[in-house]
Amino acid sequence: MTPDFEAQLRSASLRVTRPRLAVLTALRDHKHIDTDTVIELVRAEHPTVSHQAVYDVLRALTDAGLVRRIQPAGATARYESRVADNHHHVVCRSCGAIADIDCAAGHSPCLTAPDDHGYVIDEAEVVYWGICPACATSSKPSSSGSLEGNR
Ligand SMILES: [Zn+2]
Ligand SMILES: [Zn+2]
């Protein structure tokens with residue numbers, strides 16, 4: 001099931017270019033990656049694409065709604081190509097790993113504000129914070145023999 005990137009670009013009135021296709025491919029294969037990782041992945045396949053070109057492509061794709069930029073507090077911005085479903089993220093406090101969480105209540109904006117102050121609300125930005133399974137496992141107290149020799 002390969003998304004038709006060329007059709008996506010055209011439907012967003014963006015010209016189909018090699019750097020744009022390369023960035024979309026990188027984001028299809030890797031979720032929630034930061035700018036440096038996008039550059040690394042794109043340049044591994046297309047060494048002639050400049051850093052600046054990748055920055056420009058990320059901005060254009062984000063503005064066009066083909067790519068979503070997320071930036072948990074205190075973390076670097078990440079990009080993903082899963083867009084328009086208002087899903088949320090859980091972030092590991094320890095290593096910064098990010099996983100998707102489906103919309104908490106079925107469709108956006110998920111959370112109904114008790115008082116909208118007259119605003120027309122269309123989005124609720126939710127970030128769940130916690131500890132990922134890998135970090136939870138590695139931080140379990142080690143079973144070294146500190147209980148021995150106590151008497
Ligand atoms: Zn972690
Ligand atoms: Zn996501």
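Two residues are in contact if their C-beta atoms, placed from the backbone, lie within 7 Å. By that rule, among contacts in the protein between residues at least 6 apart in sequence, 43% join residues at least 24 apart. A word on the source: this is a predicted model, where local features need pLDDT of at least 70 and side-chain atom pairs count only at pLDDT 80 or more, while totals for chains, interfaces and linings use all residues. Residues are numbered from 1 along each chain as its sequence is written, and chains are lettered from A and ligands numbered from 1 in the order in which they are written.

**The whole chain**

Helices (H or I, at least four residues) and strands (E, at least two) are DSSP runs, numbered from the N terminus. Reading along the sequence gives α-α-β-α-α-β-β-β-β-β-α. Of the 151 residues, 16% count as buried; a residue is buried if 20 or more other C-beta atoms lie within 10 Å of its own, with C-beta atoms placed from the backbone.

**Stop one: two helices**

Select 18–29 for α2 and 51–63 for α4: they pack at an angle of about 70 degrees, with axes 10 Å apart. Axes are lines fitted to C-alpha atoms, for helices over the stretch in contact, and angles run from 0 to 180 degrees between N-to-C directions. That makes α2 roughly perpendicular to α4, a label for angles of 65 to 115 degrees. Now show the side chains that make the contact: Pro19, Arg20 and Val23 from α2, with Ala53, Val54, Val57, Leu58 and Leu61 from α4.

**Stop two: the core**

Which residues touch the most other members of the largest nonpolar core? Select Val23, Val38, Val42, Val54 and Leu58, out of 16 residues in that core. A nonpolar core is a set of buried Ala, Val, Leu, Ile, Met, Phe, Trp, Tyr and Cys residues joined through C-beta atoms within 7 Å. The elements giving two or more residues to this core are α2, α3 (35–45) and α4. Click on Val42: leaving aside neighbours within four places in sequence, Val42 is in contact with Pro19, Ala22, Val23, Ala26, Val49 and Val54.

**Stop three: Leu27**

Leu27 sits in α2 and counts as buried because there are 26 C-beta neighbours inside 10 Å. Not counting residues up to four places away in sequence, Leu27 touches Val67, Tyr79, Glu80 and Ser81.

**Stop four: the β1-β3-β2 sheet**

Three strands form an open, antiparallel sheet in the order β1-β3-β2. β1 (33–34) and β2 (68–70) stand at the edges with a single partner strand each, so one side of each is left without a neighbour in the sheet. Strands pair if DSSP finds at least two bridges between them. Two bridges join β1 to β3 (residues 78–80), and Asp34 has Arg78 as its bridge partner in β3.

**Stop five: the β5-β4-β6 sheet**

Here is another open sheet of three strands, ordered β5-β4-β6 with mixed pairing. β4 (residues 88–92) and β5 (residues 98–101) run antiparallel, joined by four bridges, and Val90 stands opposite Ala99 in β5. In their hairpin, with five residues between the strands, find Gly96, which takes a positive phi near 85 degrees. Four bridges also join β4 to β6, running parallel; pick Val91 and you'll see Trp129 as its bridge partner in β6.

Terms used: Parallel < 35°, antiparallel > 145°, perpendicular 65-115°, else oblique. Buried ≥ 20, exposed ≤ 12 C-beta atoms within 10 Å, placed from the backbone.
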